[in-house]
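I opened my notebook to go through this structure one piece at a time. Here is what I looked up, in the order I got to it.

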Amino acid sequence: MRQQKIAEVRSSVKASKGSLDTEWLEINNVFSEVARVVEDARQKALQPLEERRQILKREARDLVQKLQKEIDKLKKTIDVLDKNPDLQVSLLTGLDESRDWNNVAVDTSFSFGTLRTTTSNMMEQIHQKLENLSSVELKRIPTFAVDVKLDPTTAHRCLVLSADGKKVRDGAKNQKVPDAPERFDMFGSVLGLNRLSSGKSYWEVDVSKKTGWDLGVARRDANRKGKLSLTPDNGYWVTVHYEDEKYAALTAPPVSLSLTVKPQKVGVFVDYEEGLVSFYDVTAQSHFYSFTECSFSGEVFPYFSPHLIQNELNSDPLIISDVKKP
């Protein structure tokens, strides 16, 4: 039995080492590409200075050579005058034709403009390269999957929840449900039952048939009554999809998000201690926004809004789907 256990341990370590090596290479390659982007930008920023340096060096050398020729010419003239004073008039006439050097100087001025274009392009390329780390993250975070279920006591009256607490949609009319302090009374929103107060948590939501939704987390003490301001200062860390094609992070002011492909499934990752809420397009294996330095200061809950039905559109539910663990 002990020999079998040794074999199991060695096999486990070997398998783990393979995974670690693969991930190490992926991350290292991304940062190597970032380093190349920075180096290219450095060379581009320094290039005009180096070119100007060479021009100055060449102009100064040419000017010194011309001055040296004049000096040599003057020395010869002086030697001739010392030996043949009678030639003074003709020699002086030749000197009068020499160049006036009083206003001659090397042009040391330079003007290169700003470095904004170079640095902006560099940052954009760095951002694109770092997005390749999203696939690495999406391999890691499913291990932190939690079984999220909706809390019917928080759901707005217009919302219809499935019996298993995994689906929510707009019912187009208010239902008769008891009022409660924890229930949303104006926004069509609902919280999850899960109390997140430590560690890391992850869940996925099927949004494939939706033209609008809100997803994120909310602090326990965040206001749920009246017209809400869904911002971090008010205890909400939320991204929104609206008008079937627009996306935004609800900061103050909101930040428009450029998603080239409409997500079919959105992953939400929360690291409580780090104060992080990240959103992923699970199908595209890409990250599209993160709230950082979040001040949770107490329990937070998963937050959902399926948005209202509009012109017979958006009637399908948000669906909390099972997470495929590695």
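**Entry 1: the core**

A reminder to myself before anything else: this is a predicted model. I began with the largest nonpolar core, which has 34 residues. Which residues have the most contacts inside it? They turned out to be Trp203, Val277 and Phe304. I then checked which strands supply at least two residues each to this core, and the list includes strand 4 (200-206), strand 5 (213-219), strand 7 (246-249) and strand 9 (265-271). Strand 10 (276-281), strand 11 (286-291), strand 12 and strand 13 (318-321) are on that list too.

I also found a second, separate core of 13 residues. Among its members are Leu228, Leu230, Val238 and Val240.

Next I picked Trp203 and asked what it touches, leaving aside neighbours within four places in sequence. Its contacts include Val146, Val148, Leu196, Val217, Pro302, Phe304 and Val323. Also among them are Val266, Gly267, Val268 and Val270.

Is strand 4 mostly enclosed or open? Five of its seven residues are buried, so the strand is largely enclosed by the rest of the structure. Strand 4 pairs with strand 9 in the antiparallel sense over seven bridges, and Glu204 has Gly267 as its bridge partner in strand 9. Strand 4 also pairs with strand 13, again antiparallel, over three bridges. There, Val205 stands opposite Ile320.

Strand 13 has another antiparallel link, with two bridges joining it to strand 2 (residues 167-170). In that pair I noted Val168 opposite Leu318.

I wrote down the general idea first: strands of a sheet pair through backbone hydrogen bonds, either parallel or antiparallel. Then I traced an open sheet of six strands, in the order 3-12-5-6-7-8, with antiparallel pairing. Which strands stand at the edges? They are strand 3 (190-191) and strand 8 (255-257), and each has a single partner strand, so one side of each is left without a neighbour in the sheet.

Strand 7 and strand 8 pair antiparallel over three bridges, with Tyr247 standing opposite Leu257.

- Ala252 and Pro253 are joined by a cis peptide bond, with omega about 0 degrees. Pro253 is in the loop between strand 7 and strand 8.
- Gln285 has a positive phi, near 55 degrees. This residue lies in the loop between strand 10 and strand 11, and its relative accessibility of 34% makes it partly exposed.
- His307 has a positive phi as well, near 65 degrees. I found His307 in the loop between strand 12 and strand 13, partly exposed at 22%.

**Entry 2: the pocket**

His307 came up again when I checked the largest pocket. The volume of this pocket is about 380 Å³, and 21 residues line it. Which of them lie nearest its centre? The answer is Gly212, His307, Leu308, Gln310 and Asn314. Strand 6 (236-242) and strand 12 (300-305) are the elements that give two or more residues to the lining. Sorted by class, the lining has nine nonpolar, nine polar and three charged residues.

**Entry 3: two single residues**

Arg224 lies in the loop between strand 5 and strand 6. Buried or exposed? At 10% relative accessibility Arg224 counts as buried, because the cut-off for buried is under 20%. Not counting residues up to four places away in sequence, Arg224 touches Thr154, Glu182, Arg183, Phe184, Asp185, Leu191 and Tyr236.

Thr118 is in helix 3 (residues 116-130). Thr118 is buried too, with a relative accessible area of 16%.

Terms used:
Residues are numbered from 1 along each chain as its sequence is written. This is a predicted model: local features need pLDDT of at least 70, side-chain atom pairs count only at pLDDT 80 or more; totals for chains, interfaces and linings use all residues. Side-chain values use heavy atoms; hydrogens and water are left out. On a 1 Å grid over the protein atoms alone, a cavity is a set of points where a 1.4 Å probe fits but cannot get out, and a pocket is an open set with protein on both sides within 12 Å along at least five of seven lines; lining residues have an atom within 4 Å of a point. Grid points are joined across faces, edges and corners, and a volume is the space filled by probe spheres set on the points. Helices (H or I, at least four residues) and strands (E, at least two) are DSSP runs, numbered from the N terminus. Ala, Val, Leu, Ile, Met, Phe, Trp, Tyr, Cys and Pro count as nonpolar, Asp, Glu, Lys and Arg as charged, and the others, Gly among them, as polar. A nonpolar core is a set of buried Ala, Val, Leu, Ile, Met, Phe, Trp, Tyr and Cys residues joined through side-chain atoms within 4.5 Å. Buried means under 20% relative accessible area, exposed over 50%, partly exposed in between (1.4 Å probe, protein chains only). Contact means heavy atoms within 4.5 Å. Two strands pair if DSSP finds at least two bridges between them.
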